[in-house]
Amino acid sequence: MAKEKIPKPQQKKEQHKSLVPDDLSKVLHIPIPKEYRQHHEFEAKKPPAVWTVNISKKSAVSLLFEFCQNYLKTSPEFLIEETNNRTTPYLCTIAIGNMKYGHKMSTTKKKAKQSAGMQSCI
């Protein structure tokens, strides 16, 4: 007699928090100021003057990395510190070059990083 196959419960995949609700437009055309449209000698062409980005299913950190790599030719640096606060023990600060942009505290390192990324994008 063959054993019956019992279906395994499906695990929920963690969804990335999108920047916009599902009912709004997900493609943005963002004009880029001239000082960010620099190009290096080794590149064949300049970056475009308008950044067209599809923001569906992308987190703020992902968008931040994409912008920095395409226009600033650098990567954002995530500075995570532990604090003495019991409710929000982690502090994340995002530094791009010499400027510090996002500065958020949260219960986990991942949440602090996402919150700081969201603040940097705004």
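Reader: Why is T93 called buried?
Author: Buried means under 20% relative accessible area, exposed over 50% and partly exposed in between, with a 1.4 Å probe and protein chains only. T93 has 7% relative accessibility, so T93 counts as buried. The model is predicted: local features need pLDDT of at least 70, side-chain atom pairs count only at pLDDT 80 or more, and totals for chains, interfaces and linings use all residues. Residues are numbered from 1 along each chain as its sequence is written, and side-chain values use heavy atoms, leaving out hydrogens and water.

Reader: What makes the pair T93 and H103 a polar contact?
Author: A polar contact is a pair of N or O atoms within 3.5 Å; within protein, one must be able to donate a hydrogen and the other to accept it, and residues adjacent in sequence count only if both atoms are side-chain atoms. The side chains of T93 and H103 make such a contact at 3.1 Å.

Reader: Which residues does T93 touch, leaving aside those up to four places away in sequence?
Author: With contact meaning heavy atoms within 4.5 Å, T93 touches E77, F78, L79, K100, G102 and H103.

Reader: How do you know that strand 4 and strand 5 pair?
Author: Strands are DSSP runs (E, at least two residues), numbered from the N terminus, and two of them pair if DSSP finds at least two bridges between them. Strand 4, residues 90-96, has six bridges to strand 5 in the antiparallel sense, and therefore the two pair. T93 lies in strand 4, and A95 stands opposite K100 in strand 5.

Conventions: Helix = DSSP H or I, 4+ residues; strand = E, 2+ residues; numbered from the N terminus.
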